[in-house]
Amino acid sequence: GDHRDLHSFSTRRSSDLRVVVAEFQELVEVIKQRSYRRGKFKLASGAESEFYFNLKPTMMAPKGAYLSAEALLVRIRSESVDYIGGLEMGAVPVIACVAALSHQDGKPVNSFFVRKKAKDHGTQDLVEGLALGESLSGKTVMIVDDVATSGGSIIKAAEVARAAGAIVETALVIVDREEGATEALAAAGIRLLSALKKSDFL
């Protein structure tokens with residue numbers, strides 16, 4: 001029976017791949033519909049661009065939330081990480097969805113987020129989401145964000161995680177706008193991965 005099991009496993013794998021490709025295409029469509037504009041726009045980095053991605057309407061829609069998390073999880077599975085985490089606010093919705101999906105898979109991905117500034121009360125901690133006694137020290141962390149433009153918010157999150165003792169060598173976004181983040185992150189010792197690139201929308 002081994003041979004038959006192996007065969008059904010391999011056909012299942014290839015149909016998984018087809019499903020994944022179809023889901024990526026579907027995600028592109030949802031983003032085009034809910035989160036993507038062309039025109040003249042001023043970005044958070046101060047730069048001007050003719051492309052505008054605001055992924056929150058995608059991440060907050062039931063289908064978009066699912067497809068975004070699924071697309072990121074495919075990329076996360078090909079790396080070896082202990083935690084994913086990112087800067088509030090852009091990263092938070094999708095990180096929570098990824099954590100939920102990873103549990104459903106039976107291969108849980110631990111997650112946290114980084115505050116932009118410490119709360120005035122309590123433990124003053126910039127890392128949010130860890131239980132008492134849980135630490136990033138010595139852990140491999142992948143920084144996640146919705147969009148990468150200049151890479152600034154990824155670097156900010158990476159610095160906080162590294163200060164907490166984490167090893168940060170990779171980052172992952174839903175959309176890489178291909179406007180310099182790869183180079184900026186490489187200079188900070190971080191390899192940028194993405195589910196989609198701006199060129200997927202042209």
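Helices (H or I, at least four residues) and strands (E, at least two) are taken as DSSP runs and numbered from the N terminus. The model is predicted, so local features need pLDDT of at least 70 and side-chain atom pairs count only at pLDDT 80 or more, while totals for chains, interfaces and linings use all residues. Residues are numbered from 1 along each chain as its sequence is written, and side-chain values use heavy atoms, without hydrogens or water.

With a relative accessibility of 9%, Val109 counts as buried (under 20% relative accessible area, with a 1.4 Å probe and protein chains only). Leaving aside residues up to four places away in sequence, Val109 touches Leu73, Ile76, Arg77, Ile84, Ala99 and Ser102, contact being heavy atoms within 4.5 Å.

Next comes the helix pair. Helix α3 (residues 62-77) packs against helix α4 (residues 92-105) at an angle of about 70 degrees, and their axes are 9 Å apart (lines fitted to C-alpha atoms over the stretch in contact, with angles from 0 to 180 degrees between N-to-C directions). This makes α3 roughly perpendicular to α4, a term covering 65 to 115 degrees. Among the contacting residues are Leu73, Ile76 and Arg77 of α3 and Ser102 of α4.

Turning to the strands, β7 (residues 167-176) and β8 pair in the parallel sense over six bridges, where pairing requires at least two DSSP bridges. Leu193 in β8 is the bridge partner of Leu172. Strand β8 (residues 191-197) is mostly covered, with five of its seven residues buried.

Note on methods
Buried means under 20% relative accessible area, exposed over 50%, partly exposed in between (1.4 Å probe, protein chains only). Angles under 35 degrees count as roughly parallel, over 145 as roughly antiparallel, 65 to 115 as roughly perpendicular and the rest as oblique.
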